[in-house]
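Hi everyone, thanks for coming. Today I'd like to walk you through a ligand site and the pocket around it.

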Amino acid sequence: MSDCIFCKIAAGEIPSKKAYEDETVMAFYDLEPQAPVHVLVIPKAHMQSAASVTPENSAVVAHIFEVIARLAQELGLKEGFRVVTNSGVSAGQSVPHLHFHLLGGRDFTWPPG
Ligand code: AMP
């Protein structure tokens, strides 16, 4: 999508601090970190949110979770980590391109706010 900020990051048109990249997935550090480690993991192909996942496109979501497990290990999140995806405005989604927040390096409370 031409006006999507995360599509532009995936295409290298907007700079980011990259944590991982392959043909279908990219991970980069959040601009406003909510934890000592805060990485966003996205499919390069545009998908609006978790509500857009279908049998036809879900393979990339499985791959994203492989990347998350690898990043959590590489980034030293031995004590645990949290993965969050906000889907829709009332859930707090501010960027309409599917993304998973990988958060770690501190304790988290439950339920989230
Ligand atoms: P959400 O509110 O769940 O849609 O998450 C969007 C996240 O994207 C927020 O945590 C923002 O801080 C982050 N963000 C927005 N623009 C950028 C950017 N250019 N580079 C890195 N992170 C960004």
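Let's start at H101, where an N or O atom of the side chain lies 2.8 Å from an oxygen atom of the ligand. I'm calling that a polar contact, meaning a pair of N or O atoms within 3.5 Å. The protein covers 84% of the 500 Å² of accessible area that the ligand has on its own; those areas come from the Shrake-Rupley method with a 1.4 Å probe.

A quick word on the source: this is a predicted model, with local features needing pLDDT of at least 70, side-chain atom pairs counting only at pLDDT 80 or more, and totals for chains, interfaces and linings using all residues. Residues are numbered from 1 along each chain as its sequence is written, and side-chain values use heavy atoms, with hydrogens and water left out.

The backbone joins in too. G92 has a backbone N or O atom 3.0 Å from an oxygen atom of the ligand, and a polar backbone atom of V95 is 3.0 Å from a ligand oxygen.

So who else is around the ligand? The shell has 16 residues, and the closest are D30, N86, S94, H99 and H101; to be near, a residue needs a heavy atom within 4 Å. By class, eight are nonpolar, six polar and two charged, with Gly counted as polar. Helix α1 (5-10) and strand β2 (25-29) each supply at least two shell residues, and α1 gives the most, with three. Helices here are DSSP runs of H or I with at least four residues, and strands are runs of E with at least two.

Now, which space does the ligand take? That space is the largest pocket. A molecule sits in a pocket if more than half of its atoms lie within 2 Å of its grid points. The pocket itself is an open set of points on a 1 Å grid over the protein atoms alone, where a 1.4 Å probe fits, with protein on both sides within 12 Å along at least five of seven lines; lining residues have an atom within 4 Å of a point.

The largest pocket is lined by 29 residues, and nearest its centre are D30, E32, H38, L40 and H101. Its lining has 15 nonpolar, nine polar and five charged residues.

Conventions:
Polar contact = N/O pair within 3.5 Å; in protein donor to acceptor, adjacent residues only side chain to side chain.
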